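Hi there,

Here is the structure I promised to pass on. Please have a look at it when you get a moment; my notes come after it.

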Amino acid sequence: MDSVINAQQIVNGLQLGSIYALIALGYTMVYGIVRLINFAHGDFYMVGAFAAYGAFYLFNAYLGSGGVLAFVVLILAMAASAAIAQLANRLAYKPLRYKPRLSSLVTAIGVSMFLEYLFSALPVIGPNPRGFPEIIPKRMFTVGSAEISNYVVIDITVAAVLMVGLTLLIRRTALGKAMRAVSQDKDAARLMGIDVEKIISATFLIGGAFAGAAGLLAGMTYPRIQPYMGILPGIKAFIAAVLGGIGNIPGAVLGAYIMGLAETFATSYNSLLGEGIAFVILILVLLVRPTGLLGEKTADKI
Amino acid sequence: MLSVKNLKVSYGCIEAIKDVSFEVPSGKIVTLIGANGAGKTTTLRAVSGLEKTTGGTVFFQGKEITNMEAHRLVPLGISHVPEGRRIFPTLTARENLELAGWTIKDKKQVARRMEEVFFFFPRIKERASQLGGTLSGGEQQMLAVGRAMVTGGSLLLLDEPSMGLAPVLVEEIFEKIVEINRKGTTVLLVEQNAAEALDIADFAYVLEVGYTTISGPAKQIAADPRVREAYLGV
Ligand SMILES: Nc1ncnc2c1ncn2[C@@H]1O[C@H](COP(=O)(O)OP(=O)(O)OP(=O)(O)O)[C@@H](O)[C@H]1O
Ligand SMILES: [Mg+2]
């Protein structure tokens, strides 16, 4: 075995980090705007993976496999997860919005378990893992010492495009300004005429859509999906958000890539360590810098 | 223009406003004065929809607005500069102003009003690209009034605009309030600084632990011995 840290591992780590980043963004945005740790967020990602699976078999016959189909599947996966996120927001979180925070936290755990059991119980889905189709034919090519598949390129590119889009939305658009304002001071935002509930809905929709995209990418990359697949990535993305400073958007992305790389390096050293490294990071962050890497700056807490 | 009758507001089981009634006639400046904890802020928050009332009615321009949501009252014409300014700290001064135009469809109108604010408060123009949280207290107060000018309500609620300002700035803020009023905006002013407030107001109401007690033309209130003793320190 040559060094644990080599080009191959870095590429794999960035690929995993891209998926974590898409999930972590939803965690951190929702926390920023309603101060809720949405434990069901990993399940929105699971819903996205199943929606992508369903969409593939619906449209495969018409579109063949390839770029167009992948794009349609991506949009549908994002839409499905956004819809579930918004449903959870409206039905479960909104009634508890200004009640003690513990109530919504417990509710979030309830929503999470509900989605997992529901999907296991649905006859068309069921509890058993199933293989994920090759939506785009997989190809390998060699760059230097690393073997790279086109999926690496797809995962990293899709995540990058979405993250740049989100940054522009938050920095440049009126909606983005309103999201920042609501995350800072809801009453002041109301006095500007902003319908705070609408902005919160928009945040859930965007966070959900990003989780849906991650669901599709993860399904393609690690092609086994099942109703409990959201739990571990959800926790890891949550840790990434804490590592970056929960509520901080650039922090979530940074945390996610650190997590992706650390997990990949640790796994190549010892697979058990790979499983546990996320929790080691969590404990270290909580001990050494509980506000997270970027949590102290007055960056936007959304 | 604004008519509040027998208003009641509770925080949990504490009744902060027990029976408050007052009128704000169109084009005038009306002031509510009262000691700490009398319920001035709560009254303004109930009028602008930030606090739910538990009794009484609020009418604005002949329309009942009791318990309407705050964001719906903004386009109807109620602009509220809250206690403590509540500037968005990580938005620039300019972005703070832009957001105040949220409910205005015509963005040219927003731009015109922002120009007016910059003309009115040249300091804000200088600081336009600075983050709200890094502005000085006085600048934040100007920005808060500026935001209300952009929302452009016909009724302006001001909650202690002079709080924490140096005497020169207090003068300046009060002058600006008079100027805004002259241009046609009705003002409801809450102040600790009773002397200054009575000086510019047309009518005044005294608020005592949740009740409106004394009321009348500002000159008359300023001359009332009870008010002079309790609020003017003479
Ligand atoms: N969010 C709240 N929860 C519970 N009680 C509150 C709350 N806000 C205000 N109160 C209480 O309601 C009463 C009126 O408060 P309010 O802020 O309206 O007073 P005020 O006249 O504005 O005082 P000040 O001049 O100090 O600003 C006070 O007794 C206060 O403690
Ligand atoms: Mg007050």
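Below are some notes on the ligand and on the interface.

First, the ground rules. This is a predicted model, in which local features need pLDDT of at least 70 and side-chain atom pairs count only at pLDDT 80 or more, while totals for chains, interfaces and linings use all residues. Residues are numbered from 1 along each chain as its sequence is written, chains are lettered from A and ligands numbered from 1 in the order in which they are written, and side-chain values use heavy atoms, with hydrogens and water left out.

Let me begin with ligand 1. Its shell has 13 residues, counting those with a heavy atom within 4 Å of the ligand. B:K40, B:T41, B:T42, B:E83 and B:Q192 are the closest. By class, the shell holds three charged, six polar and four nonpolar residues (Asp, Glu, Lys and Arg are charged; Ala, Val, Leu, Ile, Met, Phe, Trp, Tyr, Cys and Pro are nonpolar; the others, Gly among them, are polar). Helix α1 of chain B, residues 40-47, contributes the most to this shell, with three residues (helices are DSSP runs of H or I, at least four residues, numbered from the N terminus).

For B:T42 the distance is 2.5 Å, for B:E83 it is 2.7 Å, and for B:N36 it is 2.8 Å. Taken alone, ligand 1 exposes 630 Å², and the protein buries 61% of that (Shrake-Rupley method, 1.4 Å probe).

Now to the interface. Chain A and chain B each bring 21 residues to the contact, which means heavy atoms within 4.5 Å. Between them the two chains bury about 1900 Å², 64% of it on carbon and sulfur atoms; buried area is the accessible area (1.4 Å probe) that two parts lose on being put together, summed over both. On chain B's side, B:H71, B:F88 and B:W102 supply 31% of the area buried against chain A, more than any other three residues.

How many salt bridges cross the interface of chain B and chain A? The rule finds four, requiring a side-chain nitrogen of Lys or Arg within 4 Å of a carboxyl oxygen of Asp or Glu. One of them joins B:E95 to A:R180, with the closest N and O atoms 3.0 Å apart. In chain B, α2 (70-76), α3 (93-100) and α6 (137-151) each supply at least two residues of the side that touches chain A. Of this side, α3(B) gives the most, with four residues.

Best wishes

Notes: A polar contact is a pair of N or O atoms within 3.5 Å; within protein, one must be able to donate a hydrogen and the other to accept it, and residues adjacent in sequence count only if both atoms are side-chain atoms.
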